[in-house]
Amino acid sequence: GVDINPMSVELCKVSLWMEAMEPGKPLGFLDHHIKCGNSLLGTTPALLSRGIPDDAFNPIEGDDKTICSALKKRNKEERDAKFDDLFAHAEATWSYQHAFEDAVREVGSLLDEDIRSLEKKQLAYEEFLHSTSYTGGKRLHDAWCAAFVCPKVKDATTLTHQIVKEMQIDPNRCPKAQQELIDRLAAQYKFFHWHIEFPDVFQPLESFSKKDSKGWNGGFDCMLGNPPWERIKLQEKEWFAARDPAIATASNAAIRKRLIHALIENNPQLYAAFLDDKRQAEAESTFARNSGRFPLCGRGDVNTYTLFAETFKDCIAKAGRSGVIVPSGIATDDTTKFFFQNLVESKSLISLFDFENRRGIFPAVHSALKFSLLSMGGAGAMPSEGATVSFFALDVEDLKDNTRVFTLSADDIELINPNTRTCPIFRTRRDAELTKSIYRRVPVLIREARDDQPEQNPWGISFMRMFDMSNDSHLFHTREQLEQMGCMLEGNIFTPGNAEPQLGSVIPAELGLGAPGNSRFLPLYEAKMVWQFNHRASDYLDQAEGSKSTVLPEVSATRLADSNYEPLPRYWVSEFNIRGQLEGRWDKNWLLGWRDITNVTNERTTVSGIIPRYGCGDTWLLMFPSNVRQSLDACMLSASLNSYAGDYVCRQKVGGVHLKYHYFKQLAVLSPHQVEQSVKAFGCNALELFYTSNELGELGFDGGYNGPPFIWNEERRFEIRCELDAAFFHLYGIDNEDDVDYIMETFPIVKRKDEKQ
């Protein structure tokens with residue numbers, strides 16, 4: 001057992017003593033089996049053999065970029081030096097390892113039947129820990145890790161390839177300043193090297209491939225764990241919550257950064273503590289992404305659960321098994337796709353049992369969070385028929401239901417998720433069979449290039465996230481700010497106007513007021529403002545003052561019947577900035593997109609729509625279909641995504657609360673050729689659903705319709721949607737009435753609303 005918390009280590013020993021206690025016998029010696037350390041921060045024989053990578057010198061919080069650049073260059077020169085074979089001296093490492101293995105096996109062979117035997121065993125282990133063989137070997141491995149996290153500033157002690165090379169030959173060659181630095185950082189970060197701490201379990205190989213990130217044989221027969229699920233990134237809101245609530249509750253990231261910067265004068269001690277913790281978090285994240293220790297999961301915004309899953313996979317023996325409790329994103333998220341692909345391709349996946357926390361299996365975790373029991377084995381361990389899977393279980397008893405437990409083969413996963421080869425999510429065996437039948441007839445939206453196969457993108461789609469709600473918050477402006485600057489609200493758009501700015505108001509440069517044409521300010525659309533076929537679904541004007549609800553009230557049908565009505569947003573963005581985002585990408589006066597925030601348990605999962613050419617926050621993602629001849633094609637594309645048939649497919653994929661690009665690309669979406677006849681038959685009806693306000697006039701014109709916006713009529717709209725849904729069921733090949741009935745039953749909120757109405 002390994003834990004970073006010393007108290008957890010002691011409690012583990014106590015628990016084991018209580019379980020294994022025998023009357024008249026002393027408590028067993030466990031120090032060589034239960035250890036304290038950070039099991040994610042350590043190196044392996046393979047990584048050590050390649051020397052310190054240049055990415056160890058990427059700057060993090062507090063580092064001098066010039067110093068980092070110089071160290072990176074020096075490290076590369078030392079590693080690439082002619083005749084430099086750092087690991088011509090690899091025998092030294094293997095001799096350390098053999099000495100470790102012999103010592104630990106000797107300790108394990110000693111009995112602890114009585115106090116005297118126990119003391120002898122403890123003394124033997126302490127002698128091993130203080131031996132020059134162990135301390136030198138451990139410090140060598142610690143030095144490799146320390147290179148990633150040591151301060152890189154002027155006059156600081158540094159660690160580069162040459163020092164590790166000399167320590168490889170003789171650990172005592174390490175200068176005292178470097179020794180002290182290595183030991184200090186090892187104590188701070190708690191480096192943990194599995195093959196050194198458990199030498200009787202892992203045996204280093206003397207040769208291995210360049211792709212091998214381990215370089216050892218052996219491993220545990222069984223590994224079990226419920227690791228922490230935490231982002232390796234300091235979260236400013238959480239960090240300041242108990243230290244400075246004013247910073248934690250700042251209205252946006254830009255204001256929060258200004259308040260943090262003010263701490264330099266107001267509270268330098270708190271600022272220093274913040275920088276220290278931020279540096280440590282960045283250092284650990286940099287190690288995970290750049291060290292090579294986690295080639296499958298060390299990507300993007302790293303979460304500890306993914307790294308533990310990869311560690312469990314790496315540390316089991318070929319015939320071993322590991323079981324780990326992790327969020328269900330391990331099988332469905334884009335950041336973990338390489339890990340899951342590897343499990344499937346190497347046939348290491350044994351089972352995946354997915355749970356919803358609605359019954360509070362983990363009381364401290366949100367009820368909507370989904371987690372999985374993931375079981376892995378060595379390469380080739382997956383049964384020939386495929387891995388055993390189950391989804392949306394509420395407790396362990398659900399795993400006894402044969403309709404909910406089934407197998408998925410590598411071919412099934414490849415069919416449904418050809419890009420990411422992540423796991424589709426089926427509630428029942430019938431869902432799995434229905435979905436597979438759809439994918440045999442309908443292509444994915446975008447099939448990415450792979451091996452010798454070029455990309456397949458029938459609609460010619462590209463994507464955009466226009467503005468980030470956090471990083472671009474300095475570009476967003478409230479109604480109050482714009483009115484203070486003398487701007488005038490016309491409909492839902494602010495124009496510069498002729499009024500003078502109010503006394504004391506500040507006009508930031510990024511507003512774009514000095515841009516050609518004296519830029520207007522257009523609404524910043526957020527996903528919560530849009531619903532299927534309705535870009536005016538919600539209005540911030542209707543939100544109660546002071547409300548922090550994430551849901552906005554629905555706009556009434558009476559207001560929607562007014563084609564001049566447009567909703568007010570929370571923020572406005574300079575038209576100049578919007579034009580800069582879209583220039584060269586999209587020339588239409590309307591935008592096609594979808595809601596990123598979603599859930600398979602919501603009323604609908606896919607919510608696509610067409611909005612005017614406004615600004616868009618990061619929860620309303622955009623797609624630009626270049627292969628559309630007219631707006632009717634775009635209307636039918638959005639209508640197919642909103643259909644029950646299309647939405648049903650989406651529900652078999654989404655594993656969390658986001659519908660990101662990797663999910664979206666792999667939705668089964670009818671090609672332009674497949675909907676060509678339907679555009680002629682239903683295209684104008686689809687246009688009628690979208691074109692209900694003057695701001696979308698160009699959408700109607702592009703579709704060959706020159707009349708005014710269609711009048712909002714609930715009954716008429718319901719009939720059109722029914723016809724479209726029926727058509728799409730046929731187009732998706734779902735012609736069996738029982739299958740249609742079954743699919744409709746998978747939308748329980750829709751059913752309840754229909755019955756109530």
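**Note on the predicted model**

1. Helix H13 makes the greatest contribution to the lining of the second largest pocket, with six residues. Helices (H or I, at least four residues) and strands (E, at least two) are DSSP runs, numbered from the N terminus. A pocket is an open set of points on a 1 Å grid over the protein atoms alone, with protein on both sides within 12 Å along at least five of seven lines, and lining residues have an atom within 4 Å of a point.

2. This is a predicted model, in which local features need pLDDT of at least 70 and side-chain atom pairs count only at pLDDT 80 or more, while totals for chains, interfaces and linings use all residues. Residues are numbered from 1 along each chain as its sequence is written, and side-chain values use heavy atoms, with hydrogens and water left out.

3. The second largest pocket has a volume of about 1100 Å³. Of its 44 lining residues, the closest to the centre are Val2, Asp3, Ser39, Pro228 and Phe308. At least two lining residues come from each of strand E1 (2–3), helix H8 (176–189), strand E5 (220–225), helix H13 (268–290) and helix H14 (304–314). A volume is the space filled by probe spheres set on grid points, which are joined across faces, edges and corners.

4. The lining of this pocket divides into 24 nonpolar, 12 polar and eight charged residues. Here Ala, Val, Leu, Ile, Met, Phe, Trp, Tyr, Cys and Pro count as nonpolar, Asp, Glu, Lys and Arg as charged, and the others, Gly among them, as polar.

5. The whole structure holds three cavities of 30 Å³ or more; a cavity is a set of grid points where a 1.4 Å probe fits but cannot get out. The largest cavity has a volume of about 50 Å³. Its lining consists of Thr44, Ser213, Lys214, Trp216, Arg293, Thr311, Asp314 and Cys315, that is, two nonpolar, three polar and three charged residues.

6. The protein chain has 29 helices and 19 strands. Its C-alpha trace spans about 95 × 70 × 55 Å along the principal axes. For 757 residues, a compact globule would have a radius of gyration near 27 Å, and the 30 Å of the protein chain agrees with this. The radius is taken over C-alpha atoms, and the globule rule is 2.2 Å times the number of residues to the power 0.38.

7. Buried residues make up 51% of the chain. Buried means under 20% relative accessible area, exposed over 50%, and partly exposed in between (1.4 Å probe, protein chains only). In strand E17 (residues 608–612), five of five residues are buried. E17 runs antiparallel to strand E16 (residues 590–595), joined by five bridges; two strands pair if DSSP finds at least two bridges between them. Tryptophan 590 stands opposite proline 612 in E17.

8. How many disulfides are there? The count is zero, where a disulfide is a pair of cysteine sulfur atoms within 2.5 Å. For cysteine 150, the nearest cysteine sulfur is that of cysteine 68, 8.8 Å away. The sulfur of cysteine 650 is 15 Å from the closest one, in cysteine 423, so a bond is ruled out by distance. Cysteine 150 is buried at 2% relative accessible area, and cysteine 650 is buried at 0%.

9. Most residues other than glycine have a negative phi. Lysine 190 has a positive phi, near 55°, and lies in the loop between H8 and helix H9 (194–197). Lysine 190 is partly exposed, at 27% relative accessible area.
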